[in-house]
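Reader: I have this one open in the viewer now. Could you walk me through the packing, with the cut-offs spelled out?
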Amino acid sequence: MNPLSLTEGQQPSWRLWGEEKTEQAVYSIYLKKVRYHPGLTDDTNPETDETIAHLEWETIQVRLIKAGTLKKLVESLATESGELESTYVNIFLATYRSFANTRQVLTLLLERYWQLTKNEVTMKDDIRDLHCRTIIHVLHVWLDTYPEDFNEPPEFYTLQQLLEFGMSVNPEGALHCHSLEKLKKYKNQEEQKDNELLNHWCSLLGKQHIGCESVLPYNFLEIPEDHFASQLTWMDATLFKKLISYQCLGSVWSRRDRDSECEVIPSTVMATVNQFNAVLLRVLTTVLRDPDMKLGERGKIVSKWIEVAQELRFLKNFSSLKAIISALQSNAVHRLKKVWLSIPREKFELFTELARIFSEENNYNTCRNLLQREGSAKFVSAVGQEDHQLQKALQKQMLSGSCGPMQGTIPYLGTFLTDLTMIDSAIPDTTAEGLINFDKHRKEFEVLAHIRLLQSAANNYNIVPDVRFFAWFDSVPVINENSSYELSCIIEPRYAHSGSEKKFFLKNTRTRNSPCHKKTHSTSSTSTSSSNSVFYDQSASDVSMVSLCLADSKVCLSCSSLSLPSLTQSNSPGSLTELSTAGSLSPKSTEFYIIRVSLSQPGKTEEEGINVYKSIMLSNQDHTKEVIQNAMIKHGISGSSDDYSLAQLLPDGEIVFPHSANVFYAVNTQYDLNFILRPKVNPEFSSNTLKKKSKKGMQKFRSFVDSVASHV
């Protein structure tokens with residue numbers, strides 16, 4: 001959190017005074033202006049009354065830990081006087097998984113307590129007692145705020161450790177009772193299966209829900225748009241409220257530390273990503289599945305999705321809204337010129353206005369402003385001045401009094417994921433002295449706090465789930481990315497567009513404010529922003545997502561404007577992070593792309609399981625060898641870059657880059673910037689084989705020239 005807050009008259013109440021370094025920590029020293037309390041003066045001084053009679057304010061020194069060892073960070077949960085440092089406690093508990101695990105932190109806390117009680121730490125008795133009480137308080141806050149940290153079946157080691165500690169301190173105390181209650185709860189959960197529809201949906205996305213087998217699903221075009229949007233919102237809100245915020249940390253959801261003891265599996269983030277992809281895939285399927293569908297019918301389906309997207313906007317559900325917009329902007333749908341021309345102009349204008357919400361201009365400034373303005377608002381009360389179709393729809397809704405009950409807000413998670421990923425990539429984990437850089441985690445906490453705030457707002461939704469809608473949702477087969485493009489080419493074969501139609505289509509569909517989804521991921525960022533702005537451009541949004549592919553579909557989309565892979569993959573836009581200029585990330589040049597590099601696994605096809613993309617910044621100075629080295633570091637691979645090859649994946653093939661190529665200028669920006677890193681089976685053999693083939697090829701070429709010459 002930024003301590004430089006302002007008081008009345010815009011006077012800073014905090015001023016940075018300097019730094020204090022010790023062997024185990026670095027502190028930032030601030031001078032803080034506070035109200036003067038006469039009771040704190042020295043009563044033995046006879047001049048005191050006259051001296052302080054007119055004092056209102058005084059200045060005190062405040063130490064904030066900037067970096068330190070894990071032990072020192074744990075000790076700092078209490079101030080020097082033994083009081084609870086509430087802001088620091090919240091930041092520490094929300095972010096410690098980036099540099100430690102639950103057992104390590106709990107062990108240090110308990111050791112600190114016993115050191116205090118055994119007088120191994122020199123301090124006054126009253127301050128020592130206050131320190132002990134503060135540690136007990138921290139344990140209570142930890143259990144209440146992040147109970148999942150202690151849910152480690154079947155042994156429940158940390159909870160058992162805490163239970164023993166509570167027993168030794170006070171067998172009838174609140175901490176012991178609290179720990180015992182949690183242990184009983186977790187054991188009961190292990191013994192009983194939860195049959196709630198919600199949990200079934202979260203864990204088995206894409207399969208039939210309980211009670212859905214005998215329900216007759218809706219016909220897509222017959223589902224009212226407002227009902228359709230409300231059901232998608234119920235699904236998204238259910239997942240978003242269950243999201244564990246710290247799983248969004250760049251080092252957690254990207255699983256950077258998968259081989260360390262600190263690894264946390266981001267299950268709730270992945271569930272949100274899967275839901276985002278599920279919505280997007282159903283848009284593609286309904287539009288493209290039947291190649292023989294009449295043009296007018298296909299146009300009605302696209303118009304239907306645009307109307308659903310409008311209702312999602314009024315419900316402030318930016319997650320499914322982004323999924324629908326991304327699907328309609330995908331190459332497979334975007335290229336259907338005749339279908340788009342068959343849509344009424346007002347529908348196309350509405351689509352353009354909705355797509356503008358996720359415009360990459362000014363680091364996704366439009367989307368960010370909406371979240372700031374409407375995050376805790378009851379309803380959508382205003383739209384952009386240029387959004388004429390949305391203005392008409394909103395005015396009509398307000399005049400009819402159909403705003404309904406108070407609404408929550410569901411963000412596009414990719415925004416936050418991107419921000420957190422950029423923080424994780426741009427700021428080092430440790431200082432030059434090897435201390436944990438806690439300032440980095442203060443910045444991460446600003447993003448996590450925003451997520452927690454929006455989760456609270458999501459509780460305002462009051463939507464009744466419709467099992468018939470779930471039956472329809474599950475009945476829609478999904479098609480993968482390659483199949484969707486092939487179907488699109490069957491519907492409208494590839495050929496040159498006629499002059500007038502091509503001009504109209506390009507003018508109305510490829511504006512800067514409504515970029516194609518595929519284009520979005522290949523946007524080059526050359527802009528810079530002020531030091532207080534958030535790095536959030538379309539390329540960066542891809543950074544935020546972990547690229548996930550459903551088992552039966554290869555499409556990976558990005559989620560959140562913060563980097564998950566498109567709310568499922570690292571294809572999606574968005575993220576909230578306080579960084580300096582985009583240019584500052586690349587000292588050599590301000591031009592760069594954000595590319596997503598997956599690792600080829602021998603014996604597995606790219607459609608199987610989960611593909612984890614690592615987001616890498618590609619500047620105009622980077623050659624293939626440097627890109628491979630960066631990708632190896634991201635994936636935690638050791639070895640030589642000469643043992644790997646790099647290729648860009650395209651719908652109809654791939655581009656393999658020579659080691660000497662400048663990847664920035666060789667990349668095909670007409671498609672998603674998805675790359676794959678492949679290990680060479682036997683580098684030496686491959687090299688020798690290549691030389692032999694080259695020699696044979698040259699011999700054949702010379703023979704061919706000789707034969708031609710003899711005929712001449």
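Reader: Which residues touch the most other members in the largest nonpolar core?
Author: Among its 135 residues, F92, L139, W142, L288, W305 and L328 touch the most other members; such a core is a set of buried Ala, Val, Leu, Ile, Met, Phe, Trp, Tyr and Cys residues joined through side-chain atoms within 4.5 Å, and buried means under 20% relative accessible area with a 1.4 Å probe, protein chains only. Helix 11 (residues 267–288) gives the largest share of this core, 11 residues, where helices are DSSP runs of H or I, at least four residues, and strands are runs of E, at least two, numbered from the N terminus. This is a predicted model, in which local features need pLDDT of at least 70 and side-chain atom pairs count only at pLDDT 80 or more, while totals for chains, interfaces and linings use all residues. Residues are numbered from 1 along each chain, and side-chain values use heavy atoms, without hydrogens and water.

Reader: What does W305 touch?
Author: Leaving aside residues up to four places away in sequence, W305 touches F220, F228, R282, V283, T286, V287, I324, L328 and W472, a contact being heavy atoms within 4.5 Å.

Reader: And how many residues are in the other core?
Author: That core, which lies apart, has 19 residues, including Y593, V627, F657 and F675.

Reader: Switching topic, how do strand 1 and strand 2 pair?
Author: Strand 1 (residues 14–21) and strand 2 (residues 25–35) are antiparallel over 7 bridges, pairing being assigned if DSSP finds at least two bridges. They form a hairpin with 3 residues between them, and W14 stands opposite K32 in strand 2.

How values were computed: Buried < 20%, exposed > 50% of the residue type's maximum accessible area, 1.4 Å probe, protein only.
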